Amino acid sequence: MKTITSILSLQKILSSYRGKKRIGLVPTMGAFHDGHLALMRTAKKECDIVIVSLFVNPLQFGPSEDLKRYPRDLARDSKMAESVGVDFLFAPMASAIVPPDLDTTISVSQVTKRWEGAARPAHFAGVATIVAKLFQIIKPDAAYFGQKDYQQTVVIRKMAKDLHFDLMLRIRPTVREDLYSGACGLAKSSRNQFLSLSEKASATVLYRALCHAKKRVDKGEQDCTLLQKEVAAIISLEPDVRPDYIAFCHPETLEPVLKILEKTVLLLAVWIGKVRLIDNIILANAPRHASL
């Protein structure tokens with residue numbers, strides 16, 4: 001694996017592959033965990049050349065969010081990326097991606113009105129701007145994202161469609177802690193390292209609540225108001241967990257729904273101490289067939 005910091009150097013290298021090799025991109029902010037590695041492994045299976053970008057995006061941090069606190073360990077991340085066969089680690093300087101005179105940003109309006117967009121008003125403009133820059137710099141054939149940041153995937157999909165980016169978006173399932181971790185079901189996230197052991201145990205209530213909703217929908221429940229109350233009741237069993245929102249939404253528009261659709265996404269956001277966690281699950285309303 002080769003680490004590249006220069007935009008021009010990376011573009012020159014990729015120009016020799018373009019049209020001959022399938023190029024895959026995994027955009028990240030570093031602090032790699034098994035979720036990132038799963039995306040890299042999938043990209044490696046589906047593409048000839050895999051690039052992982054590592055850039056802690058200052059544009060997606062709000063005034064009350066500590067950019068300096070975000071974990072950074074390039075040497076550790078490099079070893080992890082290399083271990084799964086990544087070809088290039090693109091780690092540009094902040095000034096190259098976000099120059100002092102940057103005067104252009106990308107706003108995806110409708111799907112960012114609610115949920116994370118309301119909680120973090122400038123967040124998605126920052127995400128869309130930097131992801132668009134990476135798409136323009138690298139021009140990948142495919143880009144890989146995790147479902148854990150569900151609203152982000154909707155924003156990126158909409159941005160890519162509206163701006164006619166010629167690439168395939170691959171959204172992969174959320175990777176979770178296993179049975180033996182002490183935090184079974186907790187979605188892998190760089191934020192988890194800020195949780196104490198007791199807070200990690202409390203955080204497993206998110207997955208329990210999501211699974212409860214899925215079981216209820218699988219058995220035929222369609223009333224989102226009732227389901228929301230049940231999910232809230234489960235979360236309330238953990239006194240250290242403070243819900244931000246519990247939302248049953250259309251999977252593409254993210255508008256709230258009152259009845260379970262053919263597909264509905266359940267979005268959760270909670271606070272545990274000073275750490276804010278998000279999670280989600282796709283609920284499927286199976287069509288009912290009349291008995292013969």
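Please bear in mind that the model is predicted.

I begin with the second largest pocket. Its volume is about 450 Å³, and 14 residues line it. Those nearest the centre of this pocket are Tyr 150, Val 154, Arg 157, Pro 251 and Glu 252. Which helix gives the largest share of the lining? That is helix 7, spanning residues 150–162, with six residues. Sorted by class, the lining comprises six nonpolar, five charged and three polar residues.

I turn next to the cysteines. How many disulfides does the structure hold? The number is zero. For Cys 184, the nearest cysteine sulfur belongs to Cys 211 and lies 8.9 Å away; a disulfide would require the two sulfur atoms to be within 2.5 Å. Cys 184 is partly exposed, its relative accessible area being 38%. Cys 224 is likewise in no disulfide, and the nearest cysteine sulfur, at 9.0 Å, is that of Cys 249. With a relative accessible area of 3%, Cys 224 is buried, since buried means under 20%.

Cys 224 also leads us to helix 10, which runs over residues 224–235. Within helix 10, the residues Cys 224, Leu 227, Glu 230, Val 231, Ile 234 and Ile 235 are buried. Where do they sit around the axis? They cover an arc of only 140 degrees, and therefore lie on the same side of helix 10.

Conventions. Residues are numbered from 1 along each chain as its sequence is written. This is a predicted model: local features need pLDDT of at least 70, side-chain atom pairs count only at pLDDT 80 or more; totals for chains, interfaces and linings use all residues. Side-chain values use heavy atoms; hydrogens and water are left out. On a 1 Å grid over the protein atoms alone, a cavity is a set of points where a 1.4 Å probe fits but cannot get out, and a pocket is an open set with protein on both sides within 12 Å along at least five of seven lines; lining residues have an atom within 4 Å of a point. Grid points are joined across faces, edges and corners, and a volume is the space filled by probe spheres set on the points. Helices (H or I, at least four residues) and strands (E, at least two) are DSSP runs, numbered from the N terminus. Ala, Val, Leu, Ile, Met, Phe, Trp, Tyr, Cys and Pro count as nonpolar, Asp, Glu, Lys and Arg as charged, and the others, Gly among them, as polar. Buried means under 20% relative accessible area, exposed over 50%, partly exposed in between (1.4 Å probe, protein chains only). The expected span of a helix is 1.5 Å times one less than its number of residues. The arc is that of the directions from the helix axis to the C-beta atoms.
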